[in-house]
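Me: I would like to learn how to read a sheet and a chain interface in a structure. Could you take me through them slowly?

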Amino acid sequence: MKRLSFDAPLAHAVVPLSIVLLLGCIFHQNGAFFAWETHRAVLREISVVGILACGMTLVIVTAGIDLSVGSVLGLSAVSFALFTMPWGLGAAPSILAVLVIGAIAGLISGLLVARARLQPFVATLAMMVFARGLAKQLSEGRKVTTSWLGADGVMRSIELPPIYAAIDARILGGNLSMVSVIFAACAALCWVVLMRLRLGRQLYAVGGNAEAARLAGVPVRSTITLAYVLCGLCAAIAGICQAAQETHGDPETGAGYELEAIAMVVLGGTSLMGGRGGVGLTLIGVLTLGYLHKVLSLNAFSTEARLMLTGAIIVAAVLFQRRMAGRDG
Amino acid sequence: MSAPLIELRGVSKSFGATRALDRVSFDVRAGEVHVLAGENGAGKSTLIRILSGVYPDFEGELWVGGTAQRFRSPQDAARAGIATIHQELSLIGAMSVTDNLLLGQAGRAYHLIDRRRRRAAAAKMLERLAIDADPDAAVERLPLGTRQLIEIARALALDARVIVMDEPTSALGESESERLFDRIGALLEGGAGVVYISHRLEEIYRLAHRITVLRDGARVLTADAKDLLRAELIRAMTGAELAARGAREASARAEAIFRVDRLRVDDHDRPGRALVRDVSFALEQGEVLGVAGLEGSGASELLHAAFGSVARGTGSVRVANESIQPSSPGHAIRHGLMLLASDREASVVKSLGVAANLALSSLGAFSRAGFIDRRREHAAARDMVARLSIATPSLLTPAGALSGGNQQKVAFGRCLLARPRVLLLDDPTRGIDVGAKAHVYSLIDELARDGLAIVLRSTELEELLTLCDRILVLFRGAPALELRRDGFSRERILHAAMGGAS
């Protein structure tokens, strides 16, 4: 009988991260890797995509996938900039409205998957294209900034609303970005959903075996729909953070983030087959990919080489984890 | 009679602790149909899988045309001239009729590119069985009966010397079956031999030259069909009387807690036909109703339709006079109805832990404001693990890591934790070993004594005779016979299940 350890996947996820960190320690570029600024930068760089990865984990646990998060992030960033700047709404109503937009995008994807029975890939691919189009439509294809051309043809300009600085603020003596705090909060919330809520149990059950879950009385369709709604909410939060960091709403922003978020979830060891994994694993995946980018850029790899190496390393890490998981049964 | 085309000598096969076949000898001669009879689980399927090379490992000898052989794979068997028509359809749904028919005919001149010749060859194969199907149609769009015929046509086209048919008519209508029987006649004239498995007495006696009966993996008899009376065949299949448990003491029962009225389930593969037709019954507290029926009798669909996991056509289902909505298992569970599915793939979530599986149908009872109370959940799970003696390293062990019998107990425990008033058990002992079976039997008895109303479907007649107060026999979806405990008769039940007049 093979011994089963509940935390085995966690141990397997830590190995690729350790290797990446070890590489950083070896090729440290005259100590640059040991500088606090380096780690602070990694944390800042991963936070926005990390928020996406948290929501993505919920969807992947149900054996789904959400390709729309990058576009929904872009739509949210544009909406947030529009609401706060040209429309002159307050911070709180703007944030609330953006969250509603993200949730609606998720709701539509979820209904397409759970009710219309489209394949998650197809449903969210459609939402990905649609949301990007909507972002461009709303922004008329331009970045939404503090200066805009009014309907009367007069250029208007305002100060950057304080909420931007507040979200992009550094706390703890400039060592920690508020965005990272928001990332941590999202991760904690998703962890609570998966590990403590009845909904989380139902997400795992539906992802593990939808038919068995249905026969056990789990409301399969609403469970799946909720996963996409929560994922859309995370994308909206990430969009607000992105707008705050960029100080404008760029309709092109977030393109390709969905793939990075999926890569992070998979690197953590959450299976695309559903039913297994968790936010804790995703956090490790987020750190792994973040540090990998940092180590490669410190060592002056070109962008091209970095992309190719990243692809190869994702494959190697996932193969390694599958091998280990197979050994544990 | 001529020498055997193929012969098994003293063949045994075990799966873990279960002995599926025990020193069985069997042969087929040219020009004969040799029927293999026996109840479900008697070892028929194992035997034909050995014949067709699916199980390369077994004890004993396999002789083909006078030489001892050993098939390493189904391809070996095909090369030795043995074609098998399996019960489960092995066609590829999205491919065309032509492609399916010519699949496995690699090596023929036209096998790759010549579309016209492929189409003509397929059309000829269809014609031989008078199959009405467009050679270009995707197989999945055809009715089930036609798919079965195509499967048969494909096997026949291999020009095999021995053709093994595992319940080939289970999805066929009468005229389709007739065409198959005609083809079998032609095959025999051509010098082939046929191994034929069927549950239908009519068919058996119409086709068989010889009959071999298996029971519990052993051969009971082999006889010429003309010398074997129907009653003898049935007795041979069912075996000795099992000591029946004393009748449940009749109590002053209240009115029915579970009532199914004129339930109908439509067959979506064959429009206009029904899987379950106008079945009605009522159950009192503490009563166990057995549902007997062979493959395709609709017994399993009846349970699923009552539970709401299969769409029902017409009819009503009531628990304690409250109507159960169709197509919502959650609704049924909240009203005290619970189903244990026969397919373990559909009764446990293998990636979830034991405790999580046990609690899955009663999450509402274990959570407050959406949060799961893990202490209470684990306490209840621990009690259930002890009560059902589930062998598991821990409550968090993924259910998939347990043995089949223990997975079944986890599914059973999940049903019980939901505190049902009516329990629908769909073949609850399928594929579990004898010890686990005994445990399930005593559990069913205990639950009935505690006042649960239980509907038990089983493919094993013994089980029904032992556990039930009443038995309802279905044939092709319709009630064929209902017996009370004092009138139980193995022969009458089997006869009714096979479509004989009662």
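Predicted model: local features only at pLDDT ≥ 70, side-chain atom pairs only at ≥ 80, totals over all residues.

Me: In which order do the strands of the open sheet in chain B lie?

Reply: Strands are DSSP runs of E with at least two residues, helices are runs of H or I with at least four, and both are numbered from the N terminus; two strands pair if DSSP finds at least two bridges between them. Here the open sheet has six strands in the order S16-S19-S20-S13-S21-S22 (chain B), and the pairing is mixed. Strands S16 (337–340) and S22 (478–484) of chain B are at the edges with a single partner strand each, so one side of each is left without a neighbour in the sheet.

Me: How many bridges join S19 to S20 in chain B?

Reply: Five bridges join S19 (residues 422–426) and S20 (residues 453–457) of chain B, and these strands run parallel; Leu424(B), for example, has Val455(B) as its bridge partner.

Me: Which strands does helix H16 of chain B lie across?

Reply: Angles run from 0 to 180 degrees between N-to-C directions, along axes fitted to C-alpha atoms, for helices over the stretch in contact. Helix H16 (residues 490–497) of chain B lies across S13 (288–292), S21 (470–475) and S22 of chain B, at about 25° to S21(B).

Me: How many residues of chain A are in contact with chain B?

Reply: Two residues are in contact if their C-beta atoms, placed from the backbone, lie within 7 Å; by that rule, 23 residues of chain A are in contact with 26 residues of chain B. Helix H8(A) gives the largest share of chain A's side, six residues.

Terms used:
Residues numbered from 1 in each chain as written. Chains lettered and ligands numbered in written order.
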